[in-house]
Amino acid sequence: MAVRVAECGDLIDDVQPWLGQDNMQFRQLRYFVKIVEAGSFSRAASIVHVAQPALSQQVAELEERLGVALLQRSARGVRPTAAGEIFYKEASAILHQLDQLPAVVRSDRDQPEGVVNVGFISSLAPVLVGFLDECREAFPKVVIRFSDGDSLGLEDKIASSLVDLAVLHEIEFTTALMRKPLYRQKLFVVSRQPITTNGDPISLERIAELPLVLPGNVKGRRALIERVFAEAKLKTNVVLEADSLVSEMWSVRNGVGCTILPVGDLSNFGPHAFAKPTLIEPPIYFTCSIAYSADFPLTAASEAVRDALAKFLERRLSEGSIVGAERLPER
């Protein structure tokens, strides 16, 4: 039997004759993923151009076949159950691999081709200026899609195959991802007005006296900060917990408090938006790495983008363009 390789997004969706009547279809996986992402059957129906009763029937068949409820329905929409969350992540990973097949078949290392989803932490955006232009010139057949977020959220996106690789700031390597450590980055106190004279470093004892705006998530950057202060027998004075970097920086800019970030250059916010970031002494470090899935191999296009990204950041590091960055200590 001949199987036609379709374009990305439509790849062998209709596989019931191939898999057999008793097995689920890839189309059902797509429908379920779209329903979860849309948050309702009606919105998903308009996205996939299928009648809402037909979508409901497809989900009912999945739930009957699996023997578990996948969605919680309410007047406000739908959300996945615990089993549905697992099914969503696994289905997303499967569909991602299917969508990558055309690029895998057509691509080679000399002329990579395909779509590469790249994630990066929001604070690194100024550092990556120019990278996309370099990639377009080097890999004209590769389409790069960027998404930003915090490190923990990006790790989840890698696990769910929503991004192929991401540039992260990490304290320690705890999740099952492949990593290419690049450099270590000092953390700074960011404030609306200068908090030391002549740009001198600031001590942990002095920071403990300042009102702080920090992430509400107790993991990642917040966990590192709290741990460092606890080891110094100090307590942070958190006056506001922010749910995003945007709200965190907005609060600092409006004088609510200071924050602690791995960002030594805020010139992209404008010349007078913030005071020059203040170095912490003794220094607190994050490790900057390129991370990607340990379960699914990268395509030739993803490998090419990963290697180009590593070279780009190494060049920025050598140029001294990443304020507060240092080469990793020799092991």
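This is a predicted model: local features need pLDDT of at least 70, side-chain atom pairs count only at pLDDT 80 or more; totals for chains, interfaces and linings use all residues.

Helix pairs. Start with α3, residues 41-48, and α4, residues 52-66. How far apart are the axes of α3 and α4? They are 9 Å apart, and the packing angle is about 105°. Angles of 65 to 115 degrees count as roughly perpendicular. So α3 is roughly perpendicular to α4.

Which residues of α3 and α4 meet? On the α3 side, find Phe-41, Ser-42, Ala-44, Ala-45 and Val-48. On the α4 side, find Gln-52, Leu-55, Ser-56 and Val-59. By class, this contact holds six nonpolar residues and three polar ones. No charged residue takes part in the contact of α3 with α4.

Now the second pair. Helix α6 covers residues 131-138, and helix α11 covers residues 300-318. Their axes lie 11 Å apart, at an angle of about 135°. α6 and α11 are therefore oblique to each other. Is the crossing of α6 and α11 left-handed or right-handed? It is right-handed.

From α6, the contact takes in Phe-131, Glu-134 and Cys-135. From α11, it takes in Val-305, Ala-308, Leu-309, Phe-312 and Arg-315. Six residues in the contact of α6 with α11 are nonpolar, two are charged, and none is polar.

Next, empty space. Rolling a probe the size of a water molecule over the atoms shows where such space is left. How many cavities of 30 Å³ or more does the structure hold? One. The largest cavity contains about 120 Å³ of space. Its lining has 13 residues. Closest to the centre are His-96, Gln-97, Asp-164, Phe-296 and Leu-298.

Which helix gives the largest share of that lining? That is α5, residues 82-106, with three residues. Sorted by class, the lining of the largest cavity has seven polar residues, five nonpolar and one charged.

Last, the backbone. Go to Glu-281 and Pro-282. A cis peptide bond joins Glu-281 to Pro-282, with omega about 0°. Where does Pro-282 sit? Look in the loop between β11, residues 278-279, and β12, residues 285-293.

Then go to Asn-198. Its phi is near 60°. That is a positive value, in a residue other than glycine. Asn-198 is in a loop too, the one between β7, residues 188-190, and α8, residues 204-207.

That's my tour. Over to you.

Definitions and conventions
Residues are numbered from 1 along each chain as its sequence is written. Side-chain values use heavy atoms; hydrogens and water are left out. Axes are lines fitted to C-alpha atoms, for helices over the stretch in contact, and angles run from 0 to 180 degrees between N-to-C directions. Helices (H or I, at least four residues) and strands (E, at least two) are DSSP runs, numbered from the N terminus. Angles under 35 degrees count as roughly parallel, over 145 as roughly antiparallel, 65 to 115 as roughly perpendicular and the rest as oblique. A crossing is left-handed if the near helix is turned anticlockwise from the far one by less than a right angle, and right-handed if clockwise. Contact means heavy atoms within 4.5 Å. Ala, Val, Leu, Ile, Met, Phe, Trp, Tyr, Cys and Pro count as nonpolar, Asp, Glu, Lys and Arg as charged, and the others, Gly among them, as polar. On a 1 Å grid over the protein atoms alone, a cavity is a set of points where a 1.4 Å probe fits but cannot get out, and a pocket is an open set with protein on both sides within 12 Å along at least five of seven lines; lining residues have an atom within 4 Å of a point. Grid points are joined across faces, edges and corners, and a volume is the space filled by probe spheres set on the points.
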